[in-house]
Amino acid sequence: MSSAKSPIRVLLVEDETGDAYLVKTVLKQNRDVSFEITWVESLAIAEHQLRHSCFDVMLLDLSLPDSEGLETVEIGRQMAGDIPIVVLTGRADVDFALSALKAGATDYMVKGDFGFDGLARVIRYALLRVEMETHNKLLVAALEAAANSIIITDTEANIKWANPAFSRLTGYSLEEVMGSKPSELIKSGKQNELFYQDMWRNLLAGKHWRGEVINKHKNGDLYHEELSIAPVKNGRGEIVNFIGIKENISERKSLEEMLHKLANTDPLTGLFNRRVFLDRLTQESDRISRLGGSAVLLMLDLDFFKNINDNYGHATGDEVLKQFANVMRHNSRNIDVPARLGGEEFAVLLPSTGRNEALIMAERLRKEVANIAISHPKGMVHITVSIGAALLSIDDTDSEMVLNRADSAMYTAKESGRNQVCWFDCAN
Ligand SMILES: [Mg+2]
């Protein structure tokens, strides 16, 4: 469209000299806008002009030497591309005018009704409308190309529009999506009713809502999305639509889980690492200081482990460590904290456990470890473990103290011939 100062370029297609003269006169009179009018008398010449010059609007008489009635609009539409067409008709007939609009006209005017400013105004509105339509098409194209899923619903949450990214995220085609509610398609059941009640309370109060949601793909897979919902209000301030924007954050979530695991576990055995173990030990010590109760720390050290590495190689040594870790895992309850502190040194924290129960668990562990047998070309590889056990004490000022007691008990077990469990008492 031309800027405010440059003239509006009009292609006038009119075979009646008198009518053409009238149009030119009316437009020339307008003081706000100037018009640059090219007058042709048939569709054939109009087509030629459109191919060789630029126009902002086409004024189209319907009765031409080479075309008649609605057909003129249809042909004119094909020729004009995006240029708005204002139909000039001699008939003050609303039904006919509507048919002309359906056939592709932007607006129409009855000849002789141009009035003082009528025709110029109709042309300006037609241009404005095309400009807005072009703008809207651009916005829709942007929304359709967006990587984030976007949906528009009514106030009952029925989907009125969705972009292709929503289809890719959920697995449902746009046809399946239209008119459905998101809850009918992708609700996973992973959020409770309170979650949705809170969301709706915010939205119906006209507030923006944002959160992380686990939803379900059409194929049944769950995925994490970051969801942002904005209410849309009409001129009276009533909510008429909701716009939802979703970002698939499943990859980020699994990366976070992986990093969390890497930071908290020993890569070879999958047991907790030293840092996590010491944290949990400190927490348990604090809990006992405040609330009392009893908990036991086991320190475990593989006997003659260096010999295994020296005689059978490090691959076998690693296999021994993994199988030992498996035995520790299988003998642990959900509340226990089995960990590899480093090298062949391991520990288990047994919360809410007394001396007798701990000794039974340690003895069972010792026996199972003695049953480990790994085949190697040089023969079967066996391993034993020395275990020191100590109670966490309400008198301890830090968790270092119980570590020292259990360590001391473990060395007593080593000195007394290895492959045994030793309680801290006997270490004194
Ligand atoms: Mg005519």
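**View 1. An open sheet of five parallel strands in a predicted model.** The sheet has the strand order β2-β1-β3-β6-β7, with parallel pairing, where strands are DSSP runs of E with at least two residues, numbered from the N terminus, and two strands pair if DSSP finds at least two bridges between them. At the edges lie β2 (35-40) and β7 (107-110), each of which pairs on one side only. From one strand to the next, the twist averages 20 degrees. Residues are numbered from 1 along each chain as its sequence is written. Because this is a predicted model, local features need pLDDT of at least 70 and side-chain atom pairs count only at pLDDT 80 or more, while totals for chains, interfaces and linings use all residues.

**View 2. Strands β1 and β3 side by side.** Strand β1 (residues 8-13) runs parallel to strand β3 (residues 57-61), and four bridges join them. Within this pair, Leu-12 stands opposite Leu-59 in β3.

**View 3. The largest nonpolar core.** This core (buried Ala, Val, Leu, Ile, Met, Phe, Trp, Tyr and Cys residues joined through C-beta atoms within 7 Å; buried means that 20 or more other C-beta atoms, placed from the backbone, lie within 10 Å of a residue's own) has 47 residues, of which Leu-297, Leu-298, Ala-347, Ile-387, Ala-389 and Ala-406 touch the most other members. Strand β13 (residues 296-302) supplies the largest share of this core, six residues. Apart from it lies another core, of 37 residues, including Leu-12 and Phe-114.

**View 4. The surroundings of Ala-406.** Leaving aside residues up to four places away in sequence, Ala-406 touches Leu-297, Leu-298, Met-299, Gly-388, Ala-389, Ala-390 and Phe-424, where touching means that C-beta atoms, placed from the backbone, lie within 7 Å.

Definitions and conventions
A residue is buried if 20 or more other C-beta atoms lie within 10 Å of its own, exposed if 12 or fewer, and partly exposed in between; C-beta atoms are placed from the backbone. Two residues are in contact if their C-beta atoms, placed from the backbone, lie within 7 Å. Axes are lines fitted to C-alpha atoms, for helices over the stretch in contact, and angles run from 0 to 180 degrees between N-to-C directions.
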